[in-house]
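Dear colleague,

I am passing on the structure we discussed, and below it I have set out what was found in it. Please keep the coordinates open beside the text while you read.

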Amino acid sequence: MDPIIAATHADPYPYYAQLRAEGGLVFHQGLKQWVASSARAVAAVLAHPHCHVRPSYEPVSKAIAQGMAGKVFGQLMRMNEGERQRCPRAAIEPGLALIDVNEVNALVGARLITSGADGLYAAMFRGPVCVVAALLGFSPAQGRAISELTADFVACLSPLSDQAQLDAAHVAAEQLKGYFIELLDDPNNRSALLAGIRQRFATTSTGSETLIANLIGLFSQTYEATAGLIGNALLALIRNPQLDSAQVDDLIAEVQRFDPSVQNTRRFVAAPCEIDGVNLNPGDVILVLLASANRDPQLNDDPDTFLLDRPNRRSFTFGAGRHQCPGQVLAMSIASATLRKILAMKPALDRLTWQYRPSLNGRIPVFA
Ligand code: HEM
């Protein structure tokens with residue numbers, strides 16, 4: 001086992017406990033990276049101004065830098081620090097926080113979910129992006145096309161993608177941009193979310209290319225992480241048939257802590273600093289084990305027990321600090337509404353088999 005294999009391992013949590021016992025922030029000889037596993041170290045790394053989301057020598061992954069996907073990647077708040085993060089974030093975050101749960105429920109409710117593994121796949125991977133597209137004012141047909149394009153685009157974010165996938169990601173980025181150019185030109189767009197974002201963007205000096213890149217970013221951030229949350233909630237029900245499946249909101253809240261779809265993230269040290277008693281230097285890489293921090297007894301009492309009514313639940317699944325996920329409430333609403341709809345179809349959970357999608361950081365089951 002190593003901290004990367006752990007993300008898609010059947011049960012990585014005893015291994016994470018072992019890492020925490022060896023120290024919250026320790027150098028891993030095999031990976032040649034620092035590994036933050038305790039809640040204290042994870043919080044300190046995510047809060048530190050010298051721990052950046054990209055290495056300074058490679059702001060955009062070399063594999064995609066020459067194409068359209070790289071152009072989008074280079075403008076995402078997720079991949080930047082300083083003004084290039086703060087400006088788009090200030091324009092987008094407030095609107096995401098204001099989204100009405102009833103609207104999300106209605107959008108998920110209006111979607112057709114078919115039975116069987118294909119239906120589950122569509123509900124997990126296509127549905128959430130279609131909901132975000134609808135909230136921005138796209139039609140259902142556009143949403144379906146956009147969710148397909150997002151599936152292609154996100155390949156540019158994974159080091160596991162091959163050249164054919166990267167080529168498809170460039171094409172998808174170009175097409176997603178085209179969808180947004182049309183949307184932003186449409187005088188009949190009624191989306192309150194889009195109107196608010198545009199209005200706040202207009203008060204900054206940031207251009208429309210950055211606006212469009214970060215709107216595409218909403219789809220890519222939604223895609224796998226929300227699918228994983230829905231899938232891991234189904235796994236919790238399969239593994240614990242005694243759980244009360246009527247308490248869907250509580251189930252989603254505990255699953256995101258207990259078995260997160262985003263297991264880790266990375267930081268790149270930009271200047272000498274001391275974190276959790278360790279001296280770090282420019283060029284150092286830190287693997288930040290969010291999923292391990294959630295199981296740290298310093299963060300949650302009795303952390304290895306799955307508790308629907310856990311009091312004062314604390315979690316790093318959505319990050320922390322300046323890059324903390326602005327889509328958390330939306331993601332949890334979409335996941336709850338989708339799970340409710342799946343369960344209403346009374347799926348034969350005991351007959352499903354699954355495997356985790358190959359990934360360095362995502363824990364995303366695909367059912368068969
Ligand atoms: C279960 C679903 C989700 C999970 C687990 C998740 C998790 C995360 C995490 C851990 C980060 C921070 C990464 C880091 O600091 O290295 C993040 C950032 C982000 N997420 Fe989410 N996310 C989810 C869904 C969403 C949704 C639905 C949206 C929007 C529609 C969204 C939008 C974003 C954006 C824009 C960022 C970048 C923020 C920044 O860099 O300032 N996420 N997410």
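Which of the 26 residues around the ligand come nearest? Before the answer, a word of caution: this is a predicted model. In it, the residues that come nearest to the ligand are A225, G319, H323, C325 and G327.

The surroundings of the ligand

Three helices, α4 (83-97), α10 (208-239) and α13 (328-344), each contribute at least two residues to the shell around the ligand. The largest share is that of α10, which supplies seven residues. Sorted by class, the shell around the ligand consists of 13 nonpolar, eleven polar and two charged residues.

The sheet

Strand β4 (residues 265-269), by contrast, pairs with β7 in the antiparallel sense, over four bridges. Here R266 stands opposite L287 in β7, while R267 has I286 of β7 as its bridge partner.

Helix packing around α13

Besides supplying residues to the shell around the ligand, α13 packs against two helices described here, α11 and α5. The axes of α11 (residues 248-258) and α13 come within 9 Å and cross at roughly 125 degrees, which makes α11 oblique to α13. Their crossing is right-handed. On the α11 side the contact involves V248, D249, I252, A253 and Q256, and these meet M332, A335, S336, L339 and R340 in α13. By class, six of the residues in this contact of α11 with α13 are nonpolar, two are polar and two are charged.

For α5 and α13, the packing angle is about 40 degrees and the axes are 9 Å apart, and these two helices are therefore also oblique to each other. Helix α5 passes α13 in a right-handed crossing. The residues that make the contact are V101, V104, N105, V108 and G109 of α5, together with L330, S333, I334, A337, T338 and K341 of α13. The contact of α5 with α13 comprises six nonpolar, four polar and one charged residues.

The other partner of α5

How far apart are the axes of α5 and α6? Helix α5 (residues 101-109) and helix α6 (residues 116-135) have their axes 10 Å apart and pack at an angle of about 125 degrees, so the two are oblique to each other. The crossing in which α5 passes α6 is right-handed. Residues V104, L107 and V108 of α5 meet G127, V131 and A134 of α6, and by class this contact has five nonpolar residues, one polar residue and no charged residues.

With best regards

Terms used:
Residues are numbered from 1 along each chain as its sequence is written. This is a predicted model: local features need pLDDT of at least 70, side-chain atom pairs count only at pLDDT 80 or more; totals for chains, interfaces and linings use all residues. A residue is near a molecule or strand if its C-beta atom, placed from the backbone, lies within 6 Å of it. Ala, Val, Leu, Ile, Met, Phe, Trp, Tyr, Cys and Pro count as nonpolar, Asp, Glu, Lys and Arg as charged, and the others, Gly among them, as polar. Axes are lines fitted to C-alpha atoms, for helices over the stretch in contact, and angles run from 0 to 180 degrees between N-to-C directions. Angles under 35 degrees count as roughly parallel, over 145 as roughly antiparallel, 65 to 115 as roughly perpendicular and the rest as oblique. A crossing is left-handed if the near helix is turned anticlockwise from the far one by less than a right angle, and right-handed if clockwise. Two residues are in contact if their C-beta atoms, placed from the backbone, lie within 7 Å. Two strands pair if DSSP finds at least two bridges between them.
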